[in-house]
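Hi there,

Here is the structure I promised to pass on. Have a look, and then read on for my notes.

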Amino acid sequence: MPKLTVYFKDKEIESFALDEGKVRIGRDETNEIIINSLAIAPVHAVIAFSKGVATIRALQDEFPITVNGGKTKEAILNENDMIALGKHHVLFNNASSVGGPEPFDETIENDPSVPLLFGLEPKLPNGNFQIMDGENIGKIIPIKKTMVQLGRPGQGIVVVTRKKEGYFVSTLENKGSLTVNGEPIANRIVKLSNNDILGINDKSLQFFLS
């Protein structure tokens, strides 16, 4: 079942299961998802979910929405899409469950000769960025939160999302030069690999796992 997770300033606020039908998002109490902020319209957007496809539509021109940094009136949502509404962000997960039991957690050695039993998977390594140039060259930025923003308002911002499948980067404010290994991120969601270079305008950050 798809899941919507609401964030404010990188902090997770609440998660919602997305059932078949329509879900309204806004600050009015009649909405299914209520975001109490003056930057949000009384009824800001609606998400329709039918036959496995989720679509978001903005309801008022003066209260726009963006998906992965691109302003849109209506868009089909894909796994890990990041929606911006006012100062809040909503992460769309297509196959996540809400309210289920926590996965069985046990530390095991990641030995390829030993098969994984009972659905156990190796623990996700810690993700980090190292600044490669400028006055902060060599500084390590650990990815400790589920969602981390990098960049400056007005110059371009990316969002790095930590999931069980790995680390993903997408644009939140698609301005300036935002790249992975020299390729523009644009409206893509890029899974980061060890030693990838994230470019944010004139800054370079190397991603590595530890």
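Which backbone oxygen does the side chain of Gln-60 reach at 3.5 Å? The backbone oxygen of Val-43.

Before the rest, please note that this is a predicted model: local features need pLDDT of at least 70, side-chain atom pairs count only at pLDDT 80 or more, and totals for chains, interfaces and linings use all residues. Residues are numbered from 1 along each chain as its sequence is written, and side-chain values use heavy atoms, with hydrogens and water left out.

Back to Gln-60: this residue sits in the loop between strand S6 (53-58) and strand S7 (65-67), strands being DSSP runs (E, at least two residues) numbered from the N terminus. Gln-60 is partly exposed because its relative accessibility is 23%; that class lies between buried (under 20% relative accessible area) and exposed (over 50%), using a 1.4 Å probe and protein chains only. Leaving out residues up to four places away in sequence, Gln-60 touches Ala-41, Pro-42, Val-43, His-44 and Lys-73, where contact means heavy atoms within 4.5 Å.

Ile-200 belongs to strand S20 (residues 197-200) and is buried, because its relative accessible area is 9%. Beyond four places in sequence, its contacts include Leu-150, Val-158 and Leu-205. Its C-alpha is 7.7 Å from that of Gly-176, 24 residues apart in sequence.

On confidence, the chain has a mean pLDDT (the predictor's confidence in each residue, from 0 to 100) of 84. Over residues 96-121, however, pLDDT stays under 50. Where pLDDT is low, the predicted coordinates should not be read in detail.

Best wishes

Notes
Helices (H or I, at least four residues) and strands (E, at least two) are DSSP runs, numbered from the N terminus. A polar contact is a pair of N or O atoms within 3.5 Å; within protein, one must be able to donate a hydrogen and the other to accept it, and residues adjacent in sequence count only if both atoms are side-chain atoms.
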